[in-house]
Amino acid sequence: MAFRFKQFSVNDKNSTLKVGTDAVLLGAWAGSGTPENILDIGTGCGLLSLMLAQRFKEAKVTGIDIHEGSVRDASENFAASAWAKRLRAIHLSLQEFSEGRLNEYDLIISNPPFFNNALLPSAAERKLARHSGKLSYHDLALHVNRLMKPRGSFALILPYENKEEFRQIAEQTGFYLQREMIIFPVKGKKANRYLSEWGTFAAEPMMEELSIRNKDHAYSREYIELTKEFYLAH
């Protein structure tokens with residue numbers, strides 16, 4: 001299955017842009033309205049930042065990452081895109097980046113580490129980039145709360161089994177759930193991912209479900225509809 005952005009193809013084997021379903025889901029789903037400033041925490045190769053630059057035509061998007069190689073890849077991908085003037089990648093941790101900043105972002109997104117209760121990955125670089133010991137859910141929520149504007153939003157994707165753990169931490173940090181989407185890899189199977197969007201004001205959360213594939217393993221109508229702006233073909 002080929003994938004592209006409008007005016008920026010990501011189909012050749014030499015591209016540094018690695019396309020994963022989790023990032024595609026979050027990038028296509030997160031946010032609404034007309035955010036002016038967006039922060040992508042753990043930007044990696046810059047996929048989420050590029051998707052949001054495409055969706056929100058006036059937004060300035062900053063991607064941060066603790067892995068220098070990823071920031072280098074993201075910078076190259078940003079420079080090759082149609083939105084280069086609105087994108088930047090910075091080699092800093094969230095903790096370092098938040099120093100001296102307050103209430104700057106309308107929308108903050110993250111595809112955070114998935115290793116809260118798992119064995120450490122073997123590769124040192126993967127450990128640095130993804131192990132949650134470098135950025136706990138508590139630290140993530142705390143610093144996002146500091147960086148987000150009072151009426152801003154924070155969206156992330158998690159393994160479904162981590163949903164309640166993060167919900168407790170988010171609520172303790174002053175967040176209220178605004179909307180959520182439960183993701184099923186195949187219709188009829190158990191949920192495996194959880195999308196959620198949070199704000200600092202109380203609201204009646206909007207609940208949704210989405211199956212990526214039908215029982216025949218073809219992409220579902222709702223997945224195609226959500227991601228149609230980014231895929232050449234399903």
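Me: What is the handedness of the crossing of α1 and α2?

Reply: A crossing is left-handed if the near helix is turned anticlockwise from the far one by less than a right angle, and right-handed if clockwise. The crossing of α1 and α2 is right-handed. This is a predicted model, in which local features need pLDDT of at least 70 and side-chain atom pairs count only at pLDDT 80 or more, while totals for chains, interfaces and linings use all residues. Residues are numbered from 1 along each chain as its sequence is written, and side-chain values use heavy atoms, with hydrogens and water left out.

Me: At what angle do helix α1 and helix α2 pack?

Reply: Two packed helices are described by the angle between their axes and the distance between the axes. Here helix α1 (residues 21–29) and helix α2 (residues 47–55) pack at about 25 degrees, and their axes are 9 Å apart. Axes are lines fitted to C-alpha atoms, for helices over the stretch in contact, and angles run from 0 to 180 degrees between N-to-C directions. Helices (H or I, at least four residues) and strands (E, at least two) are DSSP runs, numbered from the N terminus. α1 and α2 are therefore roughly parallel to each other; angles under 35 degrees count as roughly parallel, over 145 as roughly antiparallel, 65 to 115 as roughly perpendicular and the rest as oblique.

Me: Which residues in α1 meet which in α2?

Reply: Contact means heavy atoms within 4.5 Å. From α1 come Ala-23, Val-24, Leu-26, Gly-27, Ala-28 and Trp-29, which meet Leu-47, Leu-48, Met-51, Leu-52 and Arg-55 of α2. By class, this contact has nine nonpolar, one polar and one charged residues (Ala, Val, Leu, Ile, Met, Phe, Trp, Tyr, Cys and Pro count as nonpolar, Asp, Glu, Lys and Arg as charged, and the others, Gly among them, as polar).

Me: How do α6 and α7 pack?

Reply: Helix α6 (residues 137–147) and helix α7 (residues 163–172) make an angle of about 40 degrees, with axes 9 Å apart. That makes α6 oblique to α7. Their crossing is right-handed. On the α6 side the contact is made by Tyr-137, His-138, Leu-140 and Ala-141, and on the α7 side by Glu-165, Phe-166 and Ile-169.

Me: Which residues in α6 are buried?

Reply: An α-helix has 3.6 residues a turn, so residues three or four places apart point the same way. Buried means under 20% relative accessible area, exposed over 50%, partly exposed in between (1.4 Å probe, protein chains only). In α6 the buried residues include Tyr-137, Leu-140, Ala-141, His-143, Val-144 and Leu-147. The buried residues of α6 pack against β3, α4, β6, β7 and α7.

Me: What is the strand order in the open sheet?

Reply: Two strands pair if DSSP finds at least two bridges between them. The eight strands of the open sheet run β5-β4-β3-β6-β7-β9-β8-β10, with mixed pairing. β5 (87–91) and β10 (206–213) stand at the edges with a single partner strand each, so one side of each has no neighbour in the sheet. The twist averages 15 degrees from one strand to the next. Strand β3 (residues 37–41) pairs with strand β6 (residues 105–110) in the parallel sense over four bridges.

Me: Where is Asn-103, in the loop between which elements?

Reply: Asn-103 lies in the loop between α4 (94–97) and β6. Asn-103 is not a glycine, yet has a positive phi of about 55 degrees. Asn-103 is partly exposed, with a relative accessible area of 34%.
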